[in-house]
Structure formats: structure tokens, C-alpha cells
Amino acid sequence: MAAEKLRSQGVNVIDLGVGEPDFPTPEHIKQAAKQALDENFTKYTAASGIAPLRQAVCDYMNSNFGSDYTPEQCCAVLGGKQGLFNAVVSLINPGDEVLLEKPCWVSFPEMAHFAEGKVVWVDTESTDFHLTADLVKAAITPKSKLIIINSPSNPTGRVIDPAEYRKIIEVAVEKGLWVISDECYLQFVYPPHKVNSAAQLPPELRARVLIAGSLSKTYAMTGWRIGFTLGPKEWVTEIVKIQSQSATHAASIAQKAAIAALTASQESVKEMLAEFQRRGDWLIPALNKIPGVTCGKPEGAFYAFPNIKGLMKNCGFATSKEAADELLLKYGVVTTDGAAFGAEGYVRMSYANSLEAIQEAVERIKQMVADRTK
Ligand SMILES: Cc1ncc(COP(=O)(O)O)c(C=O)c1O
């Protein structure tokens, strides 16, 4: 809102708040949608999505991760968010405990609250924002029903190492929890960190894990609203029931486009990842040179999550929101304050913006520090 107002006043606002790739949807995906239109593929589909899409999801995951999912275990949804929402609402009863990493994406606690579940926070600041099996074990109580894991993470950009990831699931399953693996940023992992999906787990663990997949970020398709849930058949059946009585199904045209995205060349994904890496490689050292700022290297996604506690002290900001507000209102740079995700003293900076814009944003941050400390 404030950014829009500034723009309308002619301010050159740099947006590092965005949670979506700054690239267009690849041409072959758009072509598939155009073809769907030309072929009048514009009517209702099955609530769970068309069979070729559910098959394409299974083929994609099975061939990448050695799993054996079948289309009855898959529901096409209107973006990762709707899949997550349906999954949470179908599972959680009032008073059930939902374990969430702190910090985490803003919608997770809201979904739990909507289902009248109780959020139990698992604070990851002490482990540099890496969720561990020990942290999870310590948070589990007899009322724990669900844990949502998001790796690569929004907002921290951290990736859970596959061995630790498996341990976390083992602990959760042993204690009778269900797991949602939000794999929205699945393919955006920077080497040497590894792309890791719940699909790689052995079947006895996978039996308790639902994958919330999304095509939004991977294929620059945020506006198309297309994703999938993949996992235990009984859970997916409940998700389909909610889908059927609410949104009905994902848009027919988007479903056809999604098949093209999943089955054609994945070159565009590699290109985006390389560009994100180039920007991150510039941004992180630049942030670390600003007095009072320390920023770990993102391992995945496209977010820097610097600790600005020192900067806040030097500049006289009581909260990270105050810092983010000043940066926006006086210097025209949009960031998201860490408190929004449960991490006061941090800000999230998306580098889904051009390198030139990122460089200009860093200059403006330096200017803010200079103005506040002179
Ligand atoms: C962690 C996480 N999960 C899920 C989503 C949902 O994405 P979409 O509904 O666009 O697929 C987002 C979007 O920002 C996200 O950051």
C-alpha cells in the first residue's frame, strides 16, 4: 500500500518484498495454454484435476526421486497455498497442536488457526534457522498432530540436509504425527546443497507425509494458480472432497499448461536458478559489509534474511519494522520485516529483482545508515 502510494507520487520504488520470480512464464507453457483455449478446453474437469496432469505429477516426482506415486495419490490444486490450506483443514481438529518452524511463512500459522489448531513454535534461531530432529523432538507433546516443514524455506532461504530431513520425519512419524512437506521452492537449491523431496523417503515414512507442490515459483507461474498435493490416498481423498465443495477444481487451461511445464525441457528452471545465484552471490557479501548487518548465505529459494540487530542499535530503530518502514518511506526500498515471520531483528530481502535494482537498493540502505549515524 505504502509502496503503491509512493509510486503514484513518482518515487522510484525498489521492490525487494516480492515473493515471485521476475521472469515471464516460459513460452512453451504459454503455448500449451493457448492450444487449450483453441481446442475449447474450457469446461469443468474432475475435482482432483485431469488424469494426464496427475500422471505428469507422479512421473515427474517418481523419475526425479525414485518414488512410486500413483494418480489417486495426487490432487491438482489452485497453487501451493490452496493445497496446504485443504491439507491442514482436512486434518486438524480444534485443540490439535501444529508444529511450525519459527520463523516461517506467514500463512502457516493462519491456516492452523483457521482450523482452530494450536500452533507450537519450534525456534530455529539457535541452529542458524535449520530445523533439526532434536528441536522437533523437544517440541512434541501428546496433542501434537502435524508438523509443516518448508525446505528450501521462505523466509530464511535455508535448506535442510537430506539426512537430517529424514531424521526429522522419523521422529515425527514415531510419535504419530502427520507431516506436510511444503516443496514450493523444491528446485531452487544452490550447490553444494541438494534438492531434497519427501518423495525420496522410504514408503513407511511417506505413508505419513503429504507433499504440497507448486508450479508457481519453479516455472514463474504465480498468477496461473496451479499446484498439487501428493501423498497418502486417504488424506488426498479428503483434500479432493474440500476442493470439490469449494473451488471445484484448478482452471482447466492452467492444468494443460502445467502438463507442459512438468513434461517439457527443464532448461528454464536451470536458467532462473543460475540468475538467482548470480544475484545472491553479489548481494550477500554486500550486505555483510554494512556495519551491524550479518547475513548467512542462502542455500535455496531467492531470499536473503539478514540479521540487522546491530544496524538497529546503531541507527536507533527499536524494531525491525521501524527499520523496514524507514527504508521504504524515506529511501523507497521495500523489504519485509522479520517480525512478520516471527524473527524480530531480521528482514527478508527477495532477490527476485534485477541485479541493477538490487545494487541500487544496497546503496540506499548504506545511505540510510549514513544519515542515521552522522
Ligand atoms: C513457503 C511457501 N509455500 C507456499 C507458497 C504458495 O505459493 P502458491 O500458492 O503461489 O503456489 C508460497 C508463496 O509465497 C510460499 O512462500
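Analyst: Helices here are DSSP runs of H or I with at least four residues, numbered from the N terminus. The model is a predicted one.

With that numbering, helix α4, residues 80–91, gives the most to the shell around the ligand, contributing three residues. In total, 14 residues surround the ligand, and the closest are Gly 80, Asp 182, Ser 214, Lys 217 and Arg 225. Sorted by class, the shell holds four nonpolar, six polar and four charged residues.

Asn 154 uses its side chain, in which a polar atom is 2.8 Å from an oxygen atom of the ligand. Asp 182 faces a nitrogen atom of the ligand instead, with an N or O atom of the Asp 182 side chain 2.5 Å away from that nitrogen. On its own the ligand has 400 Å² of accessible area, and the protein covers 92% of this. The site itself is the largest pocket, and the ligand sits in it.

Asn 154 also has a backbone feature to note. A cis peptide bond joins Asn 154 to Pro 155, with omega at about 20°. Pro 155 belongs to the loop between β5 (144–150) and α7 (162–174). Most peptide bonds are trans, and most residues other than glycine have a negative phi. Pro 192 is in the loop that lies between β6 (178–182) and α8 (203–206). As for phi, Glu 116 is not a glycine, yet its phi is positive, at about 65°. Glu 116 is located in the loop between α5 (107–114) and β4 (118–123).

Now the chain as a whole. Its secondary structure comes to 14 helices and 12 strands. The C-alpha trace spans about 65 × 55 × 35 Å along its principal axes. The protein chain has a radius of gyration of 21 Å, which agrees with a compact globule, because a globule of 374 residues would have a value near 21 Å.

Terms used. Residues numbered from 1 in each chain as written. Predicted model: local features only at pLDDT ≥ 70, side-chain atom pairs only at ≥ 80, totals over all residues. Heavy atoms only, no water. Near = heavy atom within 4 Å. Polar contact = N/O pair within 3.5 Å; in protein donor to acceptor, adjacent residues only side chain to side chain. Areas by Shrake-Rupley, 256 points an atom, 1.4 Å probe, with all protein chains shown as cover. 1 Å grid on protein atoms, 1.4 Å probe; cavity = no way out; pocket = protein on both sides within 12 Å on 5 of 7 lines; lining within 4 Å. Sits in = over half its atoms within 2 Å of the grid points. Helix = DSSP H or I, 4+ residues; strand = E, 2+ residues; numbered from the N terminus. Nonpolar A, V, L, I, M, F, W, Y, C, P; charged D, E, K, R; others polar. Rg over C-alpha atoms; globule rule 2.2 N^0.38 Å.
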